[in-house]
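Dear colleague,

Please find below the structure I promised to pass on to you. My notes on it follow directly after.

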Amino acid sequence: MPAPISMPKLGMSMQEGRVVAWPIEIGGRVERGETLLVIESEKAEVEIEATASGFLRHVYVPVDETVPCGALLAALTDTPDEPFDADAFRKSNDLPEAPRPASEAAGATRAEPLRDADVQRGPRRPIAPAARARARELGLDAEAVPGSGPGGRVTREDVEAFAARRKGRRPVAPGVALDVPHQGEGDPVLLLPGFGTDVSAFARQAPVLGESFRVLGVNPRGIAVSDAPAEDAYDVATMAADALRCFEGRAHVIGASLGAAAAIELALASPERVRSLVLITPFSTATPRLLAVLDAWIATAREARPATLAAALLPWLFGDATLADPRARERIARGLAEIAARAPVATLERQAAGLRRWSGTRERDLARIEAPTLIVAADADLLVPDAERIARAIPGATLVVAPDAGHAVALEAPELVSEAILAHLRRV
Amino acid sequence: MSRLLSTGQAINEALAIAMETDPDVILLGEDLVGGGTREVEGTDEMGGVLGTTKGLEKRFPGRVLDTPISEMGILGTAVGAAATGLRPVAELMFMDFLGVCLDPLLNQAAKLRYMFGGKARVPLTVRTVCGAGMRAAAQHSQSLYWMTAGIPGLKTVIPSNPAEAKGLLLAAIRDDDPVVFCEAKGVLMQRGEVPEGDFTIAIGRANVVRTGADVTLVGFGATVSVALAAADALAKEGTHAEVIDLRSVAPLDEETILSSLEKTGRLVVVDESTPRCSIASDVAALCVDRGFDFLNAPVRRITAPHSPVPFAAILEDAFRPDAARVIAAVREMG
Amino acid sequence: MCPEPIPTGVALSRERLLEAYRTMRRIRSFEEKLQELVLAGKMAGFLHLYVGEEAVATGVCMHLDSRDWVTSTHRGHGHCIAKGVGVAGMMAELFGRATGLCKGKGGSMHIADMDHGMLGANGIVGAGIPLATGAALTAKVKRSGGVGVAFFGDGASNQGQFHESLNMAQNWKLPALYVVENNGWGEFTPTGFVVPVADIAERARSYAMNALIADGMDFFDVFEKAAEAIARARRGDGPTLLECKTYRFSGHYVGDTLAYRSKEEAEHWKQRRDPLERFEHRVVEAGLLSSDALRSADGEVAAQIASAVAAAEAAPLPDPTSVTSDVYVNG
């Protein structure tokens, strides 16, 4: 029976070998233990001994050729002239053709590796894995949940509180429910927060008013747990219409900045529902500076953490006296960061678009406002310079100016603002 | 009935029970008897460097073998004896000495059963002292259980108090696999209530030693008391910590850790070894890998620094994880 | 070659002589078959052949029974066969089959058979020595009458495990036998380069241990010296270091190019000292066994090995899920 001679594997690293010599002529006899062939592997020549005696019948691999380990090199037969079919013997004893890796096969294209630029980057608010999982279970978007943990991290508890608050929301339009926290009993008082903020911007006023009134804070579309329908813009008129559905009868309507714009719309559209009006740092036409600050606000919110956004906003929203006091500054910045964390970038963009559309549309209508109106202005307000002009334009409006305060006057001069509002409501 | 015993006394009691109940149990190691009791009147045996084997040779003559200072010979011989029918308890005086005798553990005890296709068993127990706290400095203080825990085929247990030491040691000796039994110095210095009689504590199951809903503190060996002290302080602040004693670092009771994490959402693991490739890192990886959706805060590892164990008291105290660091980590979790 | 006389101390029946020959031939043929299989690419792994050293394992293990344990080395197939381990299970193991002695988990360097007192080949040089010491300790504690036998090479006598074990065994007067197979080469380095004593047996003196030297190429000399050492161990008189001077016919491992060793040296040992040929000359000359009986033994062995190969090749591969079984006894 013919015996195959294959390229031996000498040591772990040997993959292939070169035939250096066949010392036995074809047809010649080799004794077991005699050198049958010489190969070169990894730069060393090695004599390979025959493991059995026989005749070198056929050589498949000539001198100087390199083949992989295991490849058929030659055939040895017991006798010099027994029948032998070289091709058939090769088929049954040589290595199979190595299959090519699929990636090299014709026509196959390799998937391009993902480039860094394809991956969404930029800081997101930290959300604990447990919070994400719980939000998933409750069918909520964890990104929309305000975080109470270190660095504004959203925790599982935050998600649960968020879900609980959503339960008490008030439907204002088909598929839209708003978060309307309330406190106190009595005649309704509506609180409408400004751009990018929620009703906690009135945190210092609400408890004071709650002692005598039923205070309803309206978190507008896209803020806190209010629904955020995917619209191009949250128009000021829509904000007003939404607010109208949050109370019965007549209400005192208090708005700050963009919230004041909504209050103006409400007073003009449904005067019978407005008992009185309080406009805190209002505007009727946005200045280029206000618009530029909104752009900066949005850009920063997109790129940075809430604390960074708060730090960037601070000089635009507060007066020198506050900025000069490091402790007050730090406390206010922390509060502002928490507020900012509750306003997703998409909401900021939609509110800004609504604000731009509204700006300048009501200059002539201010005079039509019938409700008794209080204007609260701040003498260091960098964003809204025309509060006094609005006070003059609205018939019978009274004006209170907070000294040394900036645009966020309700946060910066809370007692003054609370007292002015209470005095106004009592007067009505 | 239970009495107040030191961990060393509890270990001595467990060894005596093991030897009494099984004639195949032998002890071998350096100075297990020690001294000239057998030769010179008026001298007393040492019973080991910490006295844990005192009196056993008198009760069980011929079964407590004083060896030369030849750690590789001790462990290698013990592996051979274990594979051929004895149930040896070998003592490696300090775990740092693994450096001179790793082969019998790494390549023999751990692998014989596997290499032989399940046809061998190596019921060997290696008792060894580990950990800082006795001013023993860098070569007599290291906590190397992470190393043995990483070797498939070995089990590694580490009791947290005297009663645990007794029950776990009896379980280790009666286990048919090689078990490394770590005696942390911080635990050896403790005294506690120890039940009388023969009892074992299952290897591979962690013990919830205190329940709480706000945060999970995982400890083992000497760090269980650190975690308990932290839990006491946190309770005064209104934070209720659950404390888990791993008991066995290999196998690791993953389910007990994960179900506690599921409940609390927060986990701190306290490990007196150095941080790289540690049990602490292993537990943290488990939480991220299998408990990701339970995490309400980052997992925190409180370990020794990445340094050898220092000598001076002030340095060694700074090296060892303490309750204050655990408390601070929990507070930072919010 | 002029046949040497058989030592007068060795009185073996015809059956026992035939058994000794069959064992040596089985080892030789088994190893030669492996060489063939590896070079043909049919078998994987690091294989170290015992060809040339057959008289050592055979001469020692002829004295052992089921009470006794042996530990071995990376060059361990010969010790397995001499201790009575079946070649079918060994061959299946080397082929990595589920039917192998170790279910395909051990391979050549960890081949073992606890049922035959074979405590494993060992991939760590010197590591079997304390294991055999432990087996001897078990025998002493349990008073089983058994001995622990460690086979190891000249290289292992440079390891700490050797010295620590000998020291402990002598201290405790353990029933142990340390058989050092001095084959002249530690991997690719001549023993003389790394061992400063002329005879490794001299090292026993440091431990006040009994020492003997045997011609490892002569079955009868090994048999006689081992008899003395093992009887001494069984009597409780303590361990012996038995040095057997032998030679590794093949390289360190299958595939070794042997560039470091002269052909003349190897030829000298193969032509003049081959333990099988020497055995045959002497027993035939003494009229104890006929050439025909030996050739017939050769045939039996060849058939046995051929059938072991065929069975191994046809045997099932291990289930890949078994990779995690047998790590622990209890979970």
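Predicted model: local features only at pLDDT ≥ 70, side-chain atom pairs only at ≥ 80, totals over all residues.

Residues are numbered from 1 along each chain as its sequence is written, and chains are lettered from A and ligands numbered from 1 in the order in which they are written.

Helix H5 of chain C covers residues 128-142 and reaches 21 Å from its first C-alpha to its last, close to the 21 Å expected at 1.5 Å a residue (helices are DSSP runs of H or I, at least four residues, numbered from the N terminus; the expected span is 1.5 Å times one less than the number of residues). Of its 15 residues, 14 are buried, so H5(C) is largely enclosed by the rest of the structure (buried means that 20 or more other C-beta atoms, placed from the backbone, lie within 10 Å of the residue's own). After H5(C) comes Arg143(C), with a positive phi near 50 degrees.

The contact between chains C and B takes 38 residues from chain C and 36 residues from chain B (two residues are in contact if their C-beta atoms, placed from the backbone, lie within 7 Å). On the side of chain C that touches chain B, the largest share, 10 residues, comes from H5(C).

The contact between chains A and B takes 10 residues from chain A and nine residues from chain B, and on the chain A side helix H2(A) (residues 129-138) gives the most, with four residues.

Best regards

Methods
Helix = DSSP H or I, 4+ residues; strand = E, 2+ residues; numbered from the N terminus. Buried ≥ 20, exposed ≤ 12 C-beta atoms within 10 Å, placed from the backbone.
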